[in-house]
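Thanks for coming. I have one structure to go through today, and I will keep to what can be computed from it.

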Amino acid sequence: MADRVILTIGTKKGVFVAEAGKPRRSFALRGPFGPGIPVYSTLIDTRGTPRLYASSCNPFFGMKLLRSTDMGRSFKETKSAPAFPKDDGRALANIWALEPGAGKKELWCGVEPASLFRSNDGGDTWQMVPGISNHDHARKWEPGNGGLCMHTIIRDGKRLHLGISTGGHYVSEDGGETFQASNQGVGAGFTPDPYPEFGQCVHKMARHDDAPGRLYMQNHGGWAEWTGPGGPHPGIGVLRSDDHGRSWRSIAKGLPSDFGFPIVVHPHDADTVYVMPLDPATRSCPGAAPAVWRSENGGESWSRLARGLPKKQSYFTVLRDAMDVDRLKTPALYFGTTTGQLWIGREGGEQWDCLNDALPPIHNVKVAVV
Amino acid sequence: MAPTPTIRLHVPGPLRDYCGGAAQLSIQAPTVRTLLEELERSQSGLYGNLCDETGRLRRHLNLFVNSDNMRDLEGVDTKLAPGDEVILLPAVSGG
């Protein structure tokens, strides 16, 4: 079978799957699966026979994890979803991150309230990872507007990076046994201490295999005008680390805003990174004119990519997991909006087309070539 | 000692797959609490949809004993009598 480009689109009313051939001229849409139920995380697991996963945040009957083994033509519940031990006292509120682990069947899952789970059987059974879930800091983390969520899981051999809102960045050097807060240079505009040990509102992180030690972070920026305790904190929203996340520095200079949610790295160039700057008050693009911004030198400078996007009066938000990039030779970017639009940025974001303009509000967009 | 009352539990449509397709279950339980405990023991898949990990009835799910919401009675300590109908209904929502 020829390569197919598969998109999973997690929305307020279920998960959709879109499929196209390599030219990506048009996408066939399927779904919704898990209809009517919000989906905040999806995963296209390309290890072996492709499997698609979607969380299903059922407000009535609790969290489910859906799995498809037929490329998104049907989904079934896994045998169980992550759950806290009965005597823990916490109850699962949402599933925010699904990432493949080692081998063909290991999965990692970040949840709300911020905790980490691991499955060794493709999602049928789950074990809580105590090193972070019961970390000394865990009961001190505070929820942000989106809830106290563990939204980013990045594997780098035995190293494991986690992004928590509002907990900050944590790293394990021993495969997930123990974790340390690692936030030097990661600012927080909402605490009297502008650079606390932990408690930052990390929005998303990304890395590339070709740049060992480098990480990019979209943090909760938008504090340049702040006049309260600690004074203004310009540029704390978009950050880079070159030492495996031990220290971070701003790369926000040149962006119209350092506030935003997603951050995505080019699949073939570790120096090319994409963000979508948002006005911190409205969570929409500055001037109501949407644009993705691209750096091709690791954040030293930025350029605006907006050809084909609306030029005015667009007030959508693109959430933390609603932007992704495919791995074809000339990759395309994709983002979904809170107003239900799904966009493709052809030629690495040079030309934007709306693939669908009437989906439910979009939380999550993932892409894979299978 | 009075015999343990048998009540009839009405299962909402979306949850019937978790109990073999049954629309109703006959269960012996003197209180709502013991009813839920019995479900945890004998219908664990169904129970997981009704209660979270802490054992609390899920927030947007209502449990009625006959026509009264258990929250207006004595919560999970509400006593059950032979022939009582226990009805589970998702809360109204929209948007």
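First, the bookkeeping. This is a predicted model, in which local features need pLDDT of at least 70, side-chain atom pairs count only at pLDDT 80 or more, and totals for chains, interfaces and linings use all residues. Residues are numbered from 1 along each chain as its sequence is written, while chains are lettered from A and ligands numbered from 1 in the order in which they are written.

Chain A, then. It has 2 helices and 28 strands, where helices (H or I, at least four residues) and strands (E, at least two) are DSSP runs numbered from the N terminus. Its C-alpha atoms fill a box of roughly 55 × 55 × 40 Å along the principal axes. The radius of gyration of chain A is 19 Å, which agrees with the value near 21 Å that a compact globule of 370 residues would have. That radius is taken over C-alpha atoms, and the globule rule is 2.2 Å times the number of residues to the power 0.38.

Of the 370 residues in chain A, 53% count as buried. For burial, C-beta atoms are placed from the backbone: buried requires 20 or more other C-beta atoms within 10 Å of the residue's own, exposed 12 or fewer, and partly exposed is in between. Taking contacts in chain A between residues at least 6 apart in sequence, 48% join residues at least 24 apart. A contact here is two C-beta atoms, placed from the backbone, within 7 Å.

Now the sheet. Chain A has an open sheet of 4 strands, ordered β8-β9-β10-β11, with antiparallel pairing. Its edge strands are β8 (94-100) and β11, each pairing on one side only. Pairing means that DSSP finds at least two bridges between two strands. Inside the sheet, strand β9 (residues 107-112) pairs with β10(A) over 5 bridges, antiparallel, and the two make a hairpin with 2 residues between them. In that pairing, G110(A) stands opposite L116(A) of β10(A). On to β11 (residues 127-128), which pairs with β10(A) over 2 bridges, again in the antiparallel sense; there M128(A) is the bridge partner of F117(A). How enclosed is strand β10 (residues 115-119) of chain A? Of its 5 residues, 4 are buried, so β10 is largely enclosed by the rest of the structure.

Next, the cores. A nonpolar core is a set of buried Ala, Val, Leu, Ile, Met, Phe, Trp, Tyr and Cys residues joined through C-beta atoms within 7 Å. The largest has 102 residues, and those touching the most other members are L7(A), I9(A), C109(A), M150(A), M323(A), Y334(A) and F335(A). Apart from it lies another core of 14 residues, including I7(B), L39(B), L63(B) and L88(B). Leaving out residues up to four places away in sequence, Y334(A) touches L7(A), M323(A), D324(A), W343(A), I344(A), V365(A) and V367(A).

Two single residues for contrast. T152(A) lies in strand β12 (residues 149-156) and is buried, with 25 other C-beta atoms within 10 Å. D209(A) is in the loop between β16 (202-206) and β17 (215-219) of chain A, and is exposed, with 9 other C-beta atoms within 10 Å.

Some backbone points to check. A cis peptide bond joins G31(A) and P32(A), with omega about 5 degrees; P32(A) is in strand β3 (residues 28-33) of chain A. Another joins S165(A) and T166(A), with omega about 10 degrees, and T166(A) is in the loop between β13 (159-165) and β14 (168-172) of chain A. Most residues other than glycine have a negative phi, and most peptide bonds are trans. A288(A) has a positive phi, near 55 degrees, and N66(B) has one of about 55 degrees.

Chain B now. In helix α1 (residues 32-42) of chain B, V32(B), L35(B) and L39(B) are buried. Seen down the axis of α1(B), the buried residues fall within an arc of 55 degrees, so they line one face of the helix; the arc is that of the directions from the helix axis to the C-beta atoms. Their cover includes β1 (6-10), β2 (24-28), α2 (44-50), β3 (61-65) and β5 (85-90) of chain B.

Last, the contact between the chains, which takes 11 residues from chain A and 11 residues from chain B. The chain A side has 7 nonpolar, 2 polar and 2 charged residues. In that count, Ala, Val, Leu, Ile, Met, Phe, Trp, Tyr, Cys and Pro are nonpolar, Asp, Glu, Lys and Arg charged, and the others, Gly among them, polar.
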